[in-house]
Amino acid sequence: MSTPFNGYIYALLNQRGDIKIGCTQYPVHRLRVYTTGDAPGDEKHYAGVWLTTTSAFYQLLNIERRTHLNFEKLRMKRHTGQLTEWFNVNIDNLSEWLNSQ
């Protein structure tokens with residue numbers, strides 16, 4: 001008997017209001033990884049977590065990739081020009097898009 005696969009897309013909110021769009025199988029653990037190194041006042045929290053209908057990790061990565069592409073114009077860059085997984089996206093717009101997938 002195989003273990004069921006649970007994959008999640010999440011929106012992580014920082015203190016400035018920026019949103020990181022990512023994916024994980026373990027949202028509680030993932031948030032702990034982010035907040036462990038945060039200085040007081042820099043904590044992050046989930047603005048949203050969506051359970052997907054994927055049955056394999058590669059499918060979850062595909063949803064994450066499509067989400068990043070959909071909001072590409074709102075994607076934040078480092079001062080070097082390197083892309084990040086952080087976006088200046090409205091959480092309602094992100095939620096509406098994810099719920100339509």
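How many of the 6 residues of strand β2 (residues 19-24) are buried? In this predicted model, 6 of the 6 residues of β2 are buried, so the strand is largely enclosed by the rest of the structure. In a regular strand, the side chains alternate between the two faces of the sheet. Burial in β2 extends to both of its faces: I19, I21 and C23 are buried on one side, and K20, G22 and T24 are buried on the other.

The setting of β2 is an open sheet of 5 strands, arranged in the order β3-β1-β2-β5-β4 with antiparallel pairing. The edge strands are β3 (45-51) and β4 (75-77), each of which pairs on one side only. Neighbouring strands of this sheet are turned against each other by 40 degrees on average, direction ignored.

Within this order, β2 has β1 on one side and β5 on the other. Strand β1 (residues 8-13) pairs with β2 in the antiparallel sense over 6 bridges. One of the residues involved is L12, whose bridge partner in β2 is K20. The hairpin of β1 and β2 has 5 residues between the strands, and G17 in this hairpin takes a positive phi near 95 degrees. The pairing of β2 with strand β5 (residues 83-87) is likewise antiparallel and comprises 2 bridges. Here, I19 stands opposite F87 in β5; I19 also belongs to the buried set I19, I21 and C23 on one side of β2.

Helix α3 lies across β1, β2 and β3 and runs at about 10 degrees to β3. Helix α3 (residues 91-99) also meets helix α2 (residues 57-70): the axes of the two helices come within 11 Å and cross at roughly 135 degrees. This angle makes α2 oblique to α3. The crossing of the two helices is right-handed. On the side of α2, the contact is made by R66, T67 and N70, while α3 contributes L94, W97 and L98. Classified by residue type, the contact of α2 with α3 has 3 nonpolar, 2 polar and 1 charged residues.

How values were computed. Residues are numbered from 1 along each chain as its sequence is written. This is a predicted model: local features need pLDDT of at least 70, side-chain atom pairs count only at pLDDT 80 or more; totals for chains, interfaces and linings use all residues. Side-chain values use heavy atoms; hydrogens and water are left out. Axes are lines fitted to C-alpha atoms, for helices over the stretch in contact, and angles run from 0 to 180 degrees between N-to-C directions. Helices (H or I, at least four residues) and strands (E, at least two) are DSSP runs, numbered from the N terminus. Angles under 35 degrees count as roughly parallel, over 145 as roughly antiparallel, 65 to 115 as roughly perpendicular and the rest as oblique. A crossing is left-handed if the near helix is turned anticlockwise from the far one by less than a right angle, and right-handed if clockwise. Contact means heavy atoms within 4.5 Å. Ala, Val, Leu, Ile, Met, Phe, Trp, Tyr, Cys and Pro count as nonpolar, Asp, Glu, Lys and Arg as charged, and the others, Gly among them, as polar. Buried means under 20% relative accessible area, exposed over 50%, partly exposed in between (1.4 Å probe, protein chains only). Two strands pair if DSSP finds at least two bridges between them.
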